[in-house]
Amino acid sequence: MPFWHLLAVQEISFFKANMKFMGYGETKSSTGYGRPPWIFKGSALYQLHLVKAETARAFIPREFRLVEAFGYTLGGFFLANYDDSPAGVFDELVVIAGIVWNPPSSCAWAARVLVNSEEACHHGRKNVGLPSQVARFSKRITPVPRQTKGKFGGFLNRIGVGTTNRLSKDCMDVQVTEVVGTASSDILPKPKFNKWMGPLITMSLPSFSGQTEYNPNLLKYSCRIACRVRAVRPAKVSGPSPSKDRNSDFKTTDFTAEELVDKGRNLSISIMLSKPILALEFNCLEMQVEDPTILPNNSTCSLRPA
């Protein structure tokens, strides 16, 4: 099946209303957050990027088949602010490495998860198998000049005098910094020029997780989302320059544990700095996270490269 058709299937499943999640395998027990499903409410920015396949493979288990074409896969990030959750109010940044083929659909794989809640970090590691880390989220509101066209804007724009500046609505500048380590990234969402929040839709985002030091099992879980969604301009992302060989494939025997942590951090930053292709703003968000299922070893056979 052509890669771009797979992406179309992924996007159809992304927007299909009331899509049901079919879990399989043994159900994993949960603690800390109470009994699932876990409910999170707030708002978020979901941004899709073209990510180099060799960068994504540094995070995704080798036996999995990465959905790719021409050396790229579909990754990005999910930046959320929860004002109501089992862990209370907190922020979350999920860096998505790429898409793994899981017939008859596909699933995302998270490269890194940053939260400013110790409880959310512990739950993500132990119960959902996520590569969670504690981070600081610094937010600053700044006014951004907005250009408006004059009466003869079409002609005057060509000679550089057809626009004037006025203050737009405020823009949120978000800086995310890991508590352990010095790497950070700045995310600057574009300002909102109107109050329209888009249609109300429901969707399901299936994902793989696990195989970490905190949870060695391979897991599959689903986030059912109800929200108002609208397309927005991609957020501007800036960050420290990753190492020179950030996109190269590497073996764990070549680096110390500390060097591996730094390399993984730089690779996750390079995902966010890759080319954005779509940005969606989620308002009135209500996300329901199901209890992950543990997948048996033989379930990965269909995911292995031919």
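**Aromatic pairs.** Start with the rings. A search across this whole predicted model turns up 10 aromatic pairs.

Select Tyr-46 and Phe-78. Their ring centres are 6.0 Å apart and their planes meet at 65 degrees, so this pair is edge-to-face; the cut-off for that class is over 60 degrees. Now colour by secondary structure. Tyr-46 belongs to strand β2 and Phe-78 to strand β3, so the pair ties together parts 32 residues apart in sequence. Both residues are buried.

Where does Phe-282 sit? It is in strand β12, residues 275–289, while Phe-78 is in strand β3; the pair links distant parts of the chain, 204 residues apart.

Buried or exposed: what are these two phenylalanines? Phe-78 has 7% relative accessibility, so it counts as buried. Phe-282 is at 0%, so it counts as buried too. The cut-off for buried is under 20%.

Select residues 38–52 and 72–84. These are β2 and β3, which pair in the antiparallel sense over 12 bridges.

Return to Phe-78 here. Which residue is its bridge partner in β4? It is Val-94.

Follow the chain through the β3 and β4 hairpin. There are 5 residues between the strands. Stop at Gly-88, which takes a positive phi near 85 degrees.

**A ring cluster.** Select Tyr-33, Trp-38, Phe-40, Tyr-82 and Phe-90. Ring pairs link these five residues into a cluster.

**Zoom out.** Show the whole protein as a cartoon. It has 5 helices and 13 strands. Of its 306 residues, 48% are buried.

Finish with the surface. The accessible surface of the protein comes to about 15,800 Å². Carbon and sulfur atoms account for 55% of that area.

Note on methods:
Residues numbered from 1 in each chain as written. Predicted model: local features only at pLDDT ≥ 70, side-chain atom pairs only at ≥ 80, totals over all residues. Heavy atoms only, no water. Pairing = 2+ DSSP bridges. Helix = DSSP H or I, 4+ residues; strand = E, 2+ residues; numbered from the N terminus. Phe/Tyr/Trp six-rings, centres within 6.5 Å; stacked < 30°, edge-to-face > 60°. Buried < 20%, exposed > 50% of the residue type's maximum accessible area, 1.4 Å probe, protein only. Areas by Shrake-Rupley, 256 points an atom, 1.4 Å probe, with all protein chains shown as cover.
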